Amino acid sequence: MQLTDDIKYLKGIGPKKAAQLARLGIRTAYDLLTYFPRAYEDQSVLTPFGELQPGTQATTAGTIMSVQERTGGRQRRMTILTATLGDGTGFLQVTWFNQKYLKQKLKPGLRLFVTGKVEYAYGGYGQLAMAQVSSWQILGADDAPEQKTGIVPIYPATEQLNQHFFRKETQQLLADLAPLPDVIPASIAQSYHLLPRDTAFRQLHYPPNFETLKAARRTLAFEELYLIQCGLLLLKKQAREQQHGIRHLENSRLVAAVLTALPFQLTHDQQQVWQEIVHDMQSPEPMRRLVQGDVGSGKTVIAMLALVKTVENGYQGALMAPTEILAAQHYESFQQQLTPLGIHVGFLSGRLTKKQREAIYAQLAAHELDIVIGTHALIQDDVHFARLGLVVTDEQHRFGIGQRAALEQKGAPTDQAATNASPEADACQSQPAVRATATPDVLVMTATPIPRTLTLTVYGDLDVSQIKELPPGRQPIRTFVRTPDCRPLIYKYVHDQLAAGRQAYVVCPRIELTEGSDLPSAEEVFDELRYGIFHDQQVGLVHGKMKASEKEAVMQAFYANKIQLLVATTVIEVGVNVPNASLMVIEHAERFGLAQLHQLRGRIGRGPYKSYCILVSEGKSETARERLQIMAETNDGFKLAEEDLRLRGPGQFFGQLQHGLPDLKIADVLGDMDILLEARQAALATLASRETLPQIIPILRQQYHEHFEHITNN
Ligand code: ADP
Ligand code: MG
């Protein structure tokens with residue numbers, strides 16, 4: 001069997017199982033191979049019944065004394081089988097739910113080997129029981145239990161696909177699979193004491209002991225981080241080596257005009273970042289810079305200045321935003337500020353008609369547009385620039401590395417561009433002597449607060465600038481945590497504020513009513529509010545399942561104050577700017593991560609009004625309350641990110657970040673910090689060596705094609 005083979009060819013997997021596996025994202029042999037155990041059970045030590053401790057996980061063996069069957073649960077539909085085992089030192093009740101067929105198998109006198117959680121038996125006067133059996137086996141007369149035991153994997157099983165199934169199929173897979181060749185160059189594997197790849201995979205599933213398990217895990221985590229670091233460093237190296245970056249000239253009339261026309265002074269941090277960008281743009285190497293700044297820190301104006309600088313130098317600029325709404329908003333504000341200066345700004349999104357899109361393509365190719373703002377539509381094959389000088393991606397964490405790279409590629413020469421890019425076609429005065437096909441500069445903006453230690457590795461191919469301070473005069477957002485019984489009071493207050501002319505957001509964790517969930521949906525809350533206390537106001541609803549054009553229309557109406565109260569899901573998290581909105585109520589706030597709550601909260605406090613964010617939560621657990629209370633105490637996105645990490649662990653934290661990196665299957669960027677640093681060292685060494693570099697490129701293409709397809713061979 002090969003890694004790329006469809007999983008349905010594995011013995012024991014029919015069409016039904018294949019479909020269930022597909023729902024977990026498992027389609028090929030490789031997918032199953034990388035469906036790693038979430039934990040392991042040490043079944044190598046048998047505990048006699050007399051020594052079992054309630055509350056612990058244990059492996060033990062005994063003889064079946066009796067078996068009882070009864071029914072339970074709602075309407076008595078559940079069958080409960082209980083076997084009482086004895087081993088000479090005591091007794092243990094073992095219970096199975098809804099596995100009626102087991103009754104045939106579990107005959108008194110048989111020896112049983114079981115692993116699970118030990119508890120006091122229900123109503124059993126101190127007798128011990130095992131109600132959550134994680135694995136069990138009937139032992140033959142000659143089987144010494146010791147021969148059956150060892151370290152056993154525990155997979156993330158589901159209702160249909162249980163532990164037993166995964167254990168059987170991974171064993172089958174490992175038996176059928178041809179030995180896996182190594183991907184890490186031998187010299188690197190040797191210096192970092194890695195196991196052969198084939199051994200590592202096998203032992204990660206079925207380790208002979210915990211020491212080998214650790215080595216196997218380290219090897220595979222290393223491989224994963226190493227390949228991603230190689231990819232990021234290669235992208236950086238490739239851009240650096242392209243000798244024909246653009247050497248922009250000193251700032252001149254247009255940049256000065258934009259700066260003077262701004263209704264505010266740049267903050268100290270903005271000035272600093274702008275200087276860094278100016279320096280990069282004026283150097284002959286292509287710029288590759290990430291600007292990290294909290295929500296509302298004023299990144300857009302920085303992007304605008306950089307785009308104007310490239311236009312001043314006779315180039316075109318592109319700004320890509322992750323949502324239609326945000327792109328449209330940028331377009332509007334750019335047009336307002338730049339059209340009076342004679343700069344031609346265009347808009348491109350999937351929502352335009354074919355004819356409108358083609359008109360924009362033609363204008364870009366003919367250099368009739370200086371700046372284009374848009375969505376993913378900008379990376380379509382049909383988009384060609386006459387003379388692309390700068391590419392900006394806003395809210396980078398919403399894009400993958402591959403998408404960003406695709407936009408950068410737009411600067412590469414095309415026949416069309418070459419014929420159109422005569423200096424006469426340029427709108428602006430200064431003409432630096434650079435080829436029209438120079439590599440564009442790249443600027444990436446993100447509000448995702450990543451703890452400082454990680455920035456280097458997560459954005460390994462970029463230089464980093466940070467905007468830490470917010471513009472002066474901001475009314476700090478005040479945040480309160482309230483229980484649901486306060487809702488009438490909260491909404492009364494919101495109502496009063498709307499009557500005074502303000503606008504408000506209400507955020508809900510889910511869109512529709514789902515069976516078996518008591519979470520209020522956005523749709524329910526929407527109805528409750530518009531027919532209830534807000535019947536005299538315009539109430540709107542926006543969520544991710546609406547069509548882009550519908551979303552857009554609602555957002556526009558909110559922006560124009562035709563809607564005063566907007567009920568929404570997290571679709572509003574990115575970038576929209578409605579300064580008159582000064583209130584936000586977040587229902588079931590415990591459902592969101594802190595970093596996400598902070599992003600959401602960033603939608604208010606954008607105007608001169610005192611702004612309030614009210615987190616509504618039952619707050620049943622101590623940690624849930626502690627977590628939300630932090631929101632009330634700080635407005636610092638970095639601090640919140642760090643707290644989030646501390647409280648929820650890296651898995652959840654990174655799961656929500658959408659940082660554009662490939663999903664890590666095994667490594668954990670925080671927990672494996674030491675491996676990550678080693679992997680980065682190794683990646684640097686790999687790139688520096690003429691021997692290892694060519695080995696690694698095809699592997700990157702193959703394993704991470706989506707992210708690193710733009711890496712070239714030389
Ligand atoms: P973000 O960093 O979240 O993208 P924006 O660029 O949207 O933030 O800026 C938020 C608001 O702050 C905008 O209304 C913008 O005009 C304003 N702003 C930006 N810089 C300054 C400044 N130096 N002084 C005052 N207001 C500013
Ligand atoms: Mg922004």
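Modeller: The account below begins with the ligand site, then turns to individual places elsewhere in the protein.

The model is a predicted one. For orientation, the protein has 714 residues, of which 53% count as buried. Its secondary structure consists of 25 helices and 20 strands. The accessible surface of the protein amounts to about 32,300 Å², and carbon and sulfur atoms account for 51% of it.

The site itself comes next. Ligand 1 is surrounded by 16 residues, and the closest of these are Q265, G296, K299, T300 and R474. Sorted by class, the shell around ligand 1 comprises eight polar, four nonpolar and four charged residues. Several backbone atoms lie within reach of the ligand's oxygen atoms. A polar backbone atom of G296 is 2.6 Å from an oxygen atom of ligand 1. For S297, a polar backbone atom is 3.4 Å from an oxygen atom of ligand 1. In the case of G298, a backbone N or O atom lies 3.1 Å from an oxygen atom of the ligand. The protein buries 80% of the 570 Å² that ligand 1 exposes when taken alone.

Setting aside residues up to four places away in sequence, T267 touches E469, L470, P471 and P472.

Another threonine, T479, belongs to strand β15, which covers residues 478–482. The relative accessibility of T479 is 7%, so this residue counts as buried. Its side chain forms a polar contact of 2.9 Å with the side chain of R601. When neighbours within four places in sequence are left aside, the residues in contact with T479 are R601, C613, L615, M631 and A632.

F165 is buried, because its relative accessible area is 6%. Between F165 and K17 there are 148 places in sequence, yet their C-alpha atoms are 9.8 Å apart in space. Beyond its neighbours within four places in sequence, F165 is in contact with G12, I13, K17 and L21.

Strand β2 (residues 57–72) runs antiparallel to strand β5 (residues 111–120), and seven bridges join the two. Within this pairing, T63 stands opposite R111 in β5. Strand β2 also pairs with strand β3 (residues 78–86), again in the antiparallel sense, over nine bridges. Here E69 stands opposite L81 in β3. The hairpin of β2 and β3 has five residues between the strands, and G73 in this hairpin takes a positive phi near 75 degrees.

H193 has a positive phi, near 50 degrees, although it is not a glycine. This residue is located in the loop between α6 (186–191) and α7 (197–205). H193 counts as exposed because its relative accessibility is 66%. N561 is likewise a residue other than glycine with a positive phi, in this case near 60 degrees. The loop that holds N561 runs between α19 (548–559) and β18 (565–568). With a relative accessibility of 33%, N561 lies between the 20% and 50% limits and so counts as partly exposed.

To return to the request, the ligand site can be recalled through the backbone of G296, where a polar atom is 2.6 Å from an oxygen atom of ligand 1.

Conventions. Residues are numbered from 1 along each chain as its sequence is written. Chains are lettered from A and ligands numbered from 1 in the order in which they are written. This is a predicted model: local features need pLDDT of at least 70, side-chain atom pairs count only at pLDDT 80 or more; totals for chains, interfaces and linings use all residues. Side-chain values use heavy atoms; hydrogens and water are left out. A residue is near a molecule or strand if one of its heavy atoms lies within 4 Å of it. A polar contact is a pair of N or O atoms within 3.5 Å; within protein, one must be able to donate a hydrogen and the other to accept it, and residues adjacent in sequence count only if both atoms are side-chain atoms. Accessible areas come from the Shrake-Rupley method with a 1.4 Å probe; for residues, only the protein chains shown count as cover. Ala, Val, Leu, Ile, Met, Phe, Trp, Tyr, Cys and Pro count as nonpolar, Asp, Glu, Lys and Arg as charged, and the others, Gly among them, as polar. Contact means heavy atoms within 4.5 Å. Two strands pair if DSSP finds at least two bridges between them. Helices (H or I, at least four residues) and strands (E, at least two) are DSSP runs, numbered from the N terminus. Buried means under 20% relative accessible area, exposed over 50%, partly exposed in between (1.4 Å probe, protein chains only).
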